[in-house]
Amino acid sequence: MIEQTKAQLEEKLEDSERLQQELKLAELQIAEAATQLNQTDNALKVTRSEINKLESEKKQTQSQINTQEAFLANQIKSAFMAGNYDFAKMIFNQDEAGKFERVITYYQYLNNARLEQITQFRRLISTLERVQNELNEKENQQIILIAQQRKQAESLRERQQARNASLKKLNAEIESDQARVAQLERQEQSLLNAIEQAELEARRAAQKSQQAQIALSGLTRLKGQLQVPTSGSINRLFGKRRQGQVRWKGIVINSAAGTPVNSVAAGKILYADWLKGFGLVTIVDHGEGYMSVYGRNQALLKSVGDSVEAGDTISLVGNSGGQAQPGLYFEIRHKGKALDPSQWLRRS
C-alpha cells in the first residue's frame, strides 16, 4: 500500500513537471511582451519630454521673432519719415555741409543696424523651421510608439490568458497536502541548485576571461539599512509554516504587476531565469557570501554578469511561478542560509 501511494505521488509529480514546462513557456512569453512594453513606455516618456522641450523652444523663438518684427517695423518707419530730406540742396549749400555729414553718418548707422537685425531675423526664422520639423518628427514618432504600445499590451493580455489555462491544469494535478509538500521541497531544492550552479559558472567565467572580479563588500554593514526592493504591503512570512514542515524562507511584497523592482544594494547579477515555483528569478551577488533573491517577476531587465547599484531597476513585479496574485517574493541568503529579510530592510 505504501509503495503504491509513493508510486502514485511520483506519477503526479512527473505530470506536474510536464505542466510546469507549459507554464514556463507561457510565462516566458509574458516576460518577453512585458519587457517590450516596458521599453516602449520608456521610449514614449523620452519622446514626450523631447516634445515638451521643443514646444518650449518654439514658443521662445516665436517670441523673439515678434520682437524683431516690431523693431524692424520701427526702423522702416523712421527711415520713411526721414526720407523727404533734400540731399541735393544739402550738397550745394555749404552751410549745411556739417549737418549733411551727420545725416549721412546717421543713415549708415541705421542701415548697418537694420542689416544686422534682418540677419538675426532670418536666423530666427531658420531656427523656427528646424524646431517645427523636429517637433513634427517627434509627434509622428509618438503616434507610432502609442500604436506599438497598444499592440504589445494586447499581446500581453493574450499570453496571460494562455498562462492562466496552464496554471489551472497544474493546480488541478496537485491536490493532496502530501503532493504539495513534495512539490515545495523540490522547488526549494531547485533554488539552492540554481544558486550553486550560478556561482560555479561565474567563477569559471572569471577564470576563463582572466578578468578581476568586482570587489563586493557584502551586506553586514548594511543590516537594517537596505531599501525595500519595491513598493507595496509586506507579508512578513519568514519562518512561518507554509505546508507540512516546509517553512517560508523569505517575504512577499504585494504590489501591482509591472511595478519596478530595485536591487537592495550594489552587486552583480548571478542568475536571471525561470525557476519552478519561483517563476522569473533574479539573484544578485553582493559579495562575502551574501545574495538577494527576487522571484515571481513579470519580466527580468538585467542579464547575468551585469553590475548593479543600490536602487537600480532589475525587474518588474509579476505573478510568475504559478501565483494567483502579483507580488515580489524576496529572500536574503548568506552562504546558502536564508536570513529574515525584515531584520535587514530599512523600516518605513
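**Notebook: strands, cores and confidence**

Started with confidence, since this is a predicted model. The mean pLDDT of the protein is 77, and 72% of its residues reach 70 or more.

Next, the overall inventory. I count 4 helices and 12 strands in the protein. Of its 348 residues, 38% are buried. The exposed surface comes to about 20400 Å², with carbon and sulfur atoms supplying 49% of it. For contacts with a separation of 6 or more, I get 73% from residues 24 or more positions apart.

Moved on to β6, residues 267–275. Which strands does β6 pair with? One is β7 (residues 279–287), joined to β6 by 7 bridges and running antiparallel to it. Another is β9 (residues 307–308), also antiparallel, with 2 bridges to β6.

K268 has D285 of β7 as its bridge partner, while G267 is bridged to V308 in β9. So much for the pairing; the turn came next.

The β6–β7 hairpin has 3 residues between the strands, and in this hairpin G277 takes a positive phi near 85°.

In general, nonpolar side chains tend to be buried together in soluble globular proteins. Which residues have the most contacts inside the largest nonpolar core? I noted L219, L226, Y294 and F330, in a core of 21 residues. Four strands each supply at least two residues of this core: β4 (251–254), β8 (290–300), β10 (313–317) and β11 (327–334). The largest share, 3 residues, comes from β11.

Leaving out residues up to four places away in sequence, L226 touches L219, V264, A265, I332, W344, L345 and R346. L219 is on that list, and both L219 and L226 are among the residues with the most contacts inside the core.

There is another core apart from this one, and I make it 16 residues, including A194, I195, F278 and V293.

Methods. Residues are numbered from 1 along each chain as its sequence is written. This is a predicted model: local features need pLDDT of at least 70, side-chain atom pairs count only at pLDDT 80 or more; totals for chains, interfaces and linings use all residues. Side-chain values use heavy atoms; hydrogens and water are left out. Two strands pair if DSSP finds at least two bridges between them. A nonpolar core is a set of buried Ala, Val, Leu, Ile, Met, Phe, Trp, Tyr and Cys residues joined through side-chain atoms within 4.5 Å. Buried means under 20% relative accessible area, exposed over 50%, partly exposed in between (1.4 Å probe, protein chains only). Contact means heavy atoms within 4.5 Å. pLDDT is the predictor's confidence in each residue, from 0 to 100. Accessible areas come from the Shrake-Rupley method with a 1.4 Å probe; for residues, only the protein chains shown count as cover.
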